[in-house]
Structure formats: C-alpha cells, structure tokens
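Open the model in your viewer and keep the selection panel at hand.

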Amino acid sequence: MSNWCYRLNRLVARALSTPFVRLQAWHCSDPNGLVGPAVLVSNHISHFDPVLLSVAFCRPIDWMTTEEFYQNPIGGAWLRALNTFPVDRSRPDRRALRLGMERLHAGRMVGVFPEGGIRAGPTSILGGVEPKRGATALARLAGVPIIPCLIFGSDRLYAKRSWSPLPPRTPVWITIGSPFRVTGEDETAAIALLAAALRDLGARTIAHFNLQPNDLPATPQHRKGHDDLA
C-alpha cells in the first residue's frame, strides 16, 4: 500500500473544496489519541463525506467502500490507489472483514459508515436506527479502538447554489470524538455502545457549533429540491 496517491488526492480535494466549503473540525478529545490502528466510524449524509473527512484527518483513512463503485475499471483502479477496498452491503462480507483486519494489523486506520449508506432523519443512527454490525465486528476481532466521528452540513452541497463562486461558503462541521474499545463486549453490547457514542457526539456537536434545525442532516432529495434553503 502506498500513501502518495492518497496524499496527492487529499491536497487536490482541499484546494478544490476550499473556495466553496468552510470546513470546521472540532477534536473534542486529545488528538494524540488518534494514532495507531483504529476503526473510524461516521454518520453518512452525502457522497462528499469521505473526501471531507479525509481532508479533516491528518493521517490516511482506508475507506471500506460499497462494491458498486468498483464496477467501472478506471474508477475502481482510482479507488484502489486511494487504499480503499470493496464491501458487499447486501450480505455479511467476510472478504471485506478480512481485508479490514489486514489493514488494521498493518497499523492503519479503516473508515466505515455503519449506516450502510446515506441516511438522514429517522432512517439514521442519530434518528434512532441501529448501526450495521461491520464496524464493531471489525474492531472486536482486530482488538483496536473505535473513533467516533460526525459530519454535518455536507448534504447542503447537493444544492446548486453551494457551488457558486460568490460567498458565503457552505459550512461543514466535523466532530472527532474520544476513542473507545468494544473488545470485551458481545456484538449486541458493542453495537449499543457505538450507537450511544454517536448520539452523544451528535448532541455535543449541535451544542458546540450552535447548529440550527436547517443545519441538521437532510436527504439529498430535500436539499436538491429546496435550493433556496440549503
């Protein structure tokens, strides 16, 4: 695995997004605790999330990515160059689990969206839905911590006016929480711990950034259809 392509793409992503996005990241724990192998988990509200989260983190993230994105040969080659690896979301994917453990045993950070897709409101973890089992299973089997993370505002980038060269830039808020372990828990307890950590982090994020109702996640369809409210 090589990080040069990842770092190059991260620099390009930062340069391209800065004129349009005002990224605000809050480490509500000691950033020094983010070293070593770990499973990064985050809510998922837009297709822009992996890029913006990668910009916010100084170290590379090996994203577990749905296999549909690898069907195009060029796109698949580019994703693999970024150290991502495919996962079949339609069933328990042992191959993806094995690849994730290999990355963690190599000391890397593996990124997982435990909602299994883009979610907002009552269909999301923050809205009360239970996380998928992949992230907690990976952390338990590899014996590594989970780093909870939240992103708000990236769903606004679906609105056309967010890409206007005129100010203001679209605000995106990212909160990085304290690492925790689920090694000694059974799967049910581990999932409950993950859900509680993300929901607590959600409440702290809203309070820290003083977010308003329209700042909270909405579906891509809502953002596209309400461009004036984005």
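Strands (E, at least two residues) and helices (H or I, at least four) are DSSP runs, numbered from the N terminus. This is a predicted model, where local features need pLDDT of at least 70 and side-chain atom pairs pLDDT 80 or more, while totals for chains, interfaces and linings use all residues. Residues are numbered from 1 along each chain as its sequence is written, and side-chain values use heavy atoms, without hydrogens and water.

**Strand β4.** Select residues 85-87; F85 is in this strand. F85 has a relative accessible area of 1%, so it counts as buried (under 20%, 1.4 Å probe, protein chains only). Now show its contacts (heavy atoms within 4.5 Å). Beyond four places in sequence, they include W63, M64, Y70, L99 and V110.

**On to S162.** S162 is among the residues nearest the centre of the second largest pocket, with R161, P168, R169 and T170. The pocket holds about 200 Å³. Its lining has 8 nonpolar, 3 polar and 3 charged residues.

**Helices α5 and α6.** Select 134-142 and 187-209. Their axes come within 9 Å and cross at roughly 115°. Zoom in on the contact: T136, A137 and R140 of α5 meet E187, A190, I191 and L194 of α6. By class, that is 4 nonpolar, 1 polar and 2 charged residues. Nonpolar means Ala, Val, Leu, Ile, Met, Phe, Trp, Tyr, Cys and Pro; charged means Asp, Glu, Lys and Arg; the others, Gly among them, are polar.

How values were computed
Axes fitted to C-alpha atoms, helices over the stretch in contact; angles between N-to-C directions. Buried < 20%, exposed > 50% of the residue type's maximum accessible area, 1.4 Å probe, protein only. 1 Å grid on protein atoms, 1.4 Å probe; cavity = no way out; pocket = protein on both sides within 12 Å on 5 of 7 lines; lining within 4 Å. Points joined across faces, edges and corners; volume = space filled by probe spheres on them.
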